[in-house]
Number of protein chains: 4
Amino acid sequence: MKLIETQALEQALAEFARQRDWDCFHTPRSLILALTGEVGELAEIFQWLRDGQAEAIMASGEAEHVRQEVADVFLYLMRLAMVLGIDLDAAVRDKIALNAKKYPPLHD
Amino acid sequence: MKLIETQALEQALAEFARQRDWDCFHTPRSLILALTGEVGELAEIFQWLRDGQAEAIMASGEAEHVRQEVADVFLYLMRLAMVLGIDLDAAVRDKIALNAKKYPPLHD
Amino acid sequence: MKLIETQALEQALAEFARQRDWDCFHTPRSLILALTGEVGELAEIFQWLRDGQAEAIMASGEAEHVRQEVADVFLYLMRLAMVLGIDLDAAVRDKIALNAKKYPPLHD
Amino acid sequence: MKLIETQALEQALAEFARQRDWDCFHTPRSLILALTGEVGELAEIFQWLRDGQAEAIMASGEAEHVRQEVADVFLYLMRLAMVLGIDLDAAVRDKIALNAKKYPPLHD
């Protein structure tokens with residue numbers, strides 16, 4: 001079973017970029033800068049919160065903002081994977097398997 | 001159709017964290033710092049490359065390194081979505097729809 | 001000769017934070033998240049530019065914006081150094097000396 | 001009084017880059033990616049710590065590591081200011097004055 005429907009996502013994002021003439025902007029370095037920008041926006045929402053407040057944020061007026069920033073990070077990451085020719089679904093499965101070997105479980 | 005199999009991913013990552021006693025570490029602020037670290041590792045791979053070299057990186061010895069860093073960014077982002085109670089699949093679909101309104105297509 | 005007037009900067013920033021009751025917010029992890037946010041804002045200004053455009057940005061209407069973001073990164077970094085008890089001037093001098101050993105000059 | 005000895009720093013860093021043929025690499029976008037990488041390394045040191053542990057880090061074996069990463073962030077930021085023609089000392093003074101207006105003191 002696939003974890004990420006890479007093909008459907010690629011089709012949707014490729015069409016989106018093509019219809020807006022964005023392909024020429026989406027170089028790997030530009031997409032990593034865009035990813036940095038989005039992670040920065042997420043960080044700004046949480047920067048002055050205490051850990052307890054951070055966990056309660058989704059019950060606050062900031063919930064939709066957080067949800068959109070999380071989606072933005074994903075969308076630029078997916079687009080970066082596409083322009084690099086990385087199958088994100090396969091990369092994620094392989095990394096989970098690698099992590100399982102690198103960090104053996106402490107218990108069941 | 002789902003774009004991201006949130007439920008299967010959540011089960012896999014929740015079990016992974018539970019078996020290693022990592023749940024107490026995975027607060028929202030810690031996961032955003034971890035995300036910053038992984039985006040930083042991606043940035044380091046590309047920092048001194050020219051745009052042409054960046055596009056050729058997947059034909060170089062760095063390809064597997066890039067693939068793993070891209071997967072790491074996804075895994076921390078997915079985990080952040082989980083601890084915040086965000087359904088990443090729904091958030092991504094909603095953001096694509098929002099972007100389509102915000103940036104109308106220039107042509108077919 | 002000092003490169004950074006750490007003492008004068010510390011006095012100014014400590015008084016600034018005290019007068020606004022900000023000290024309790026300025027924990028190391030919060031300041032690193034704030035630093036991430038500011039670097040993200042810098043990245044956003046440059047994300048879709050080609051290298052030639054990036055070099056010309058200070059002749060554009062974005063010049064003052066860039067200047068302020070660069071200053072913001074410095075101010076959070078200086079504040080982080082302060083709360084960690086790091087003398088930024090000494091740390092920078094030591095790092096320049098270390099880099100000089102690690103990367104010997106190729107020529108005069 | 002200057003807060004940052006921009007001229008002395010610029011001379012030192014310009015000579016350092018020239019002697020190693022690094023000037024061609026130090027474009028604004030590359031320096032922002034390098035800054036992202038260094039902030040990411042700082043974030044990694046602090047990502048799994050609780051706030052209390054973060055404050056005690058300078059009494060731990062990680063102290064010198066933290067000190068070097070803080071210096072690295074400064075050095076790339078200073079270099080970015082240089083290639084953009086920004087006088088970091090003036091930019092920082094101006095930003096402190098601007099912040100003082102934007103956030104009036106709550107008390108003496």
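Here is a tour in a few stops, each with something to select.

**Before you click**

This is a predicted model: local features need pLDDT of at least 70, side-chain atom pairs count only at pLDDT 80 or more, and totals for chains, interfaces and linings use all residues. Residues are numbered from 1 along each chain as its sequence is written, chains are lettered from A and ligands numbered from 1 in the order in which they are written, and side-chain values use heavy atoms, with hydrogens and water left out.

**Stop 1: a glutamate in chain A**

Select A:E10. You'll find it in helix α1 of chain A, which covers residues 6-19. The cut-offs: buried means under 20% relative accessible area, exposed means over 50%, and partly exposed is in between, using a 1.4 Å probe and protein chains only.

Now show what touches A:E10. Setting aside neighbours within four places in sequence, A:E10 is in contact with A:M78, A:M82 and A:I86. (Contact means heavy atoms within 4.5 Å.) Then try a distance: A:E10 and A:W22 are twelve residues apart in sequence, and their C-alpha atoms are 14 Å apart in space.

**Stop 2: where chain B meets chain A**

Color chains A and B separately. The contact takes 63 residues from chain B and 63 residues from chain A. Together the two chains bury about 5,500 Å², with 72% of it on carbon and sulfur atoms. (Buried area is the accessible area, with a 1.4 Å probe, that two parts lose on being put together, summed over both.)

Across this interface there are 24 residue pairs in polar contact, both residues at pLDDT 80 or more. (A polar contact is a pair of N or O atoms within 3.5 Å; within protein, one must be able to donate a hydrogen and the other to accept it, and residues adjacent in sequence count only if both atoms are side-chain atoms.) On the chain B side, the elements giving two or more residues are α1 (6-19), α2 (28-46), α3 (51-55), α4 (63-84) and α5. By class, the chain B side has 42 nonpolar, seven polar and 14 charged residues. (Ala, Val, Leu, Ile, Met, Phe, Trp, Tyr, Cys and Pro count as nonpolar, Asp, Glu, Lys and Arg as charged, and the others, Gly among them, as polar.)

**Stop 3: a lysine that reaches across**

Next, select B:K95, in helix α5 (residues 88-102) of chain B. B:K95 counts as buried because its relative accessibility is 7%. Leaving aside neighbours within four places in sequence, B:K95 is in contact with A:Q68, A:A71, A:D72 and A:L75. One of these, A:D72, forms a salt bridge with B:K95, the closest N and O atoms being 2.6 Å apart. (A salt bridge is a side-chain nitrogen of Lys or Arg within 4 Å of a carboxyl oxygen of Asp or Glu.)

How many salt bridges are there between chain B and chain A? The count is four. Another pair to pick out is B:D72 with A:K95, also a salt bridge, its closest N and O atoms 2.6 Å apart.

**Stop 4: over to chains C and D**

Select D:D72 and C:K95. Their side chains meet in a salt bridge (2.6 Å, N to O), running from helix α4 of chain D to helix α5 of chain C. Both D:D72 and C:K95 are buried.

Then pick C:R67 and D:D94, a salt bridge with the closest N and O atoms 2.9 Å apart. C:R67 is buried, at 18% relative accessible area, whereas D:D94 is partly exposed, at 40%.

**Stop 5: where chain A meets chain D**

Show chains A and D. Six residues of chain A are in contact with six residues of chain D, and the area buried is about 610 Å², of which carbon and sulfur atoms give 51%. Select A:R29, A:L33 and A:T36: they supply 71% of the area that chain A buries against chain D, more than any other three residues. The salt bridge count here is zero.

Key. Helices (H or I, at least four residues) and strands (E, at least two) are DSSP runs, numbered from the N terminus.
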